[in-house]
Amino acid sequence: MKTRGARVYPTRILLAVLAAMALLLCVGKEASAQSVKTLQKLANKDRDGVAKLDAEQFIKHAVTDNKDYSVVVQMTALLPQYKCTACKTVDASLRAVSRGWKRQRGSADPALQIVFATLDMEDGEDLFRQMGLEGLPHLIIFPAGKGARAFENPSPREMPLNARTSDPRGMATKLGELFNIEFKPDLPTDYAKHLTNAAAVAAAVLAAYLVYTHVDLRKLGRSAGAIGTILFVLLMTSGFMWNRINTPKYVGHTRGGDVLLFLPTNGQQYSVETQIVAATYAVCALCVVALVRHVPRIQNQDQRTFVTLMFTLALIMTYSYLNSIFRLKMSSYPFRLLLP
């Protein structure tokens, strides 16, 4: 079973769902009220309110359209051996939406019953194969078929997963359009973003002060075009335009709440990756300029030698770090220098 990408054949899913509904008749018919209580009991066991299902529970409580509640199910593979980065990203987003729904459920329409659930590869591999899933994760919504908030068409539907809908806000917006309600995802405080922004402001202030006190502004004006060109190149080569088009999350988070700065795939990225790569390029450029323009002007030979070694070491380590980023994003990247 492949676990990267989101390719799926909807017709085969629907056929499999119909087959599962037929299987439901053989398993036994459970009252809708009892089913939702069972799902809510499972959800209450999870701190984020996501019910962990096995294949039998999925068929009995989610697939049937004879219910007055809706189920949002992620089909995923979260165990480390599957190495499914996209699964972890979608899982974190679904949990953020589920936590938000737990908070706002008390003030929502009582007739609107929504349960968030997960079916993992370890519990549903055979079912995944029967459904013809050729990639994970998938997010499938099973709407209510009866009651005050019943859907006119209760057929299951899949939410396309991309950079926008894999983000908690994008997922909440898409689900809100389906259920005609505003979901408010519970997002953890992004300390990394605040610290990065604070550091960037401090660096900008320091740079402005150094320029004002040490640089001849008249000569600097003549180089404004070159400086602008360099900044533009740094932005374009670091993924800035990709971020503007796809609006990914600033950073990621593991299930334990740890911050992730890089997605280990060349198909997706966090916004912070652009800033890190741009800063790395800038440091490399600074080292080269210093070695070419400024170091030769140092009169004292011992100082010149020491400064040369320091800038050379900084250039080598920074370039090594850049190569390690490339290897993290693309395992087949052939070059490496010092750092793994």
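The model is predicted, so to speak of a local feature takes pLDDT of at least 70 and a side-chain atom pair counts only at pLDDT 80 or more, while totals for chains, interfaces and linings use all residues. Residues are numbered from 1 along each chain as its sequence is written, and side-chain values use heavy atoms, with hydrogens and water left out.

**Nonpolar cores**

- The largest nonpolar core has 29 residues; such a core is a set of buried Ala, Val, Leu, Ile, Met, Phe, Trp, Tyr and Cys residues joined through side-chain atoms within 4.5 Å.
- Buried means under 20% relative accessible area, exposed means over 50%, and partly exposed is in between (1.4 Å probe, protein chains only).
- Phe-58, Val-71, Val-73, Met-75, Leu-136 and Phe-142 have the most contacts inside this core.
- At least two core residues come from each of α2 (32–44), β1 (50–53), α3 (55–63), β2 (70–76), β3 (114–120), α5 (121–130) and β4 (138–142); helices (H or I, at least four residues) and strands (E, at least two) are DSSP runs, numbered from the N terminus.
- Beyond its neighbours within four places in sequence, Val-71 is in contact (heavy atoms within 4.5 Å) with residues including Leu-39, His-61, Val-115, Ile-140 and Phe-142.
- A second, separate core of 21 residues includes Val-50, Ile-114, Ile-181 and Phe-183.

**Helix α6**

- Helix α6 runs over residues 168–179 and reaches 16 Å from first C-alpha to last, close to the 16 Å expected; that expected span is 1.5 Å times one less than the number of residues.
- Its buried residues are Pro-168, Gly-170, Met-171, Ala-172, Leu-175, Gly-176 and Phe-179, and they pack against β2, α4 (85–104), β3, β4 and β5 (157–159).
- At the N-terminal end, Asp-167 is the cap, with a side-chain oxygen 2.9 Å from the backbone nitrogen of Arg-169.
- Just past the helix, Asn-180 takes a positive phi of about 60°.

**Salt bridges**

- There are 11 salt bridges in the structure, each a side-chain nitrogen of Lys or Arg within 4 Å of a carboxyl oxygen of Asp or Glu.
- Lys-52 and Asp-123 pair up at 2.5 Å, N to O; Lys-52 is in β1 and Asp-123 in α5, so the bridge ties together parts 71 residues apart in sequence.
- Asp-186 meets Arg-99 at 3.2 Å and Arg-103 at 3.1 Å.
- Arg-103 is exposed at 57% relative accessible area, whereas Arg-99 is partly exposed at 21%.
- Asp-46, Asp-48, Asp-91, Arg-95, Arg-99, Arg-103 and Asp-186 are linked in a salt-bridge network.

Technical notes
Polar contact = N/O pair within 3.5 Å; in protein donor to acceptor, adjacent residues only side chain to side chain.
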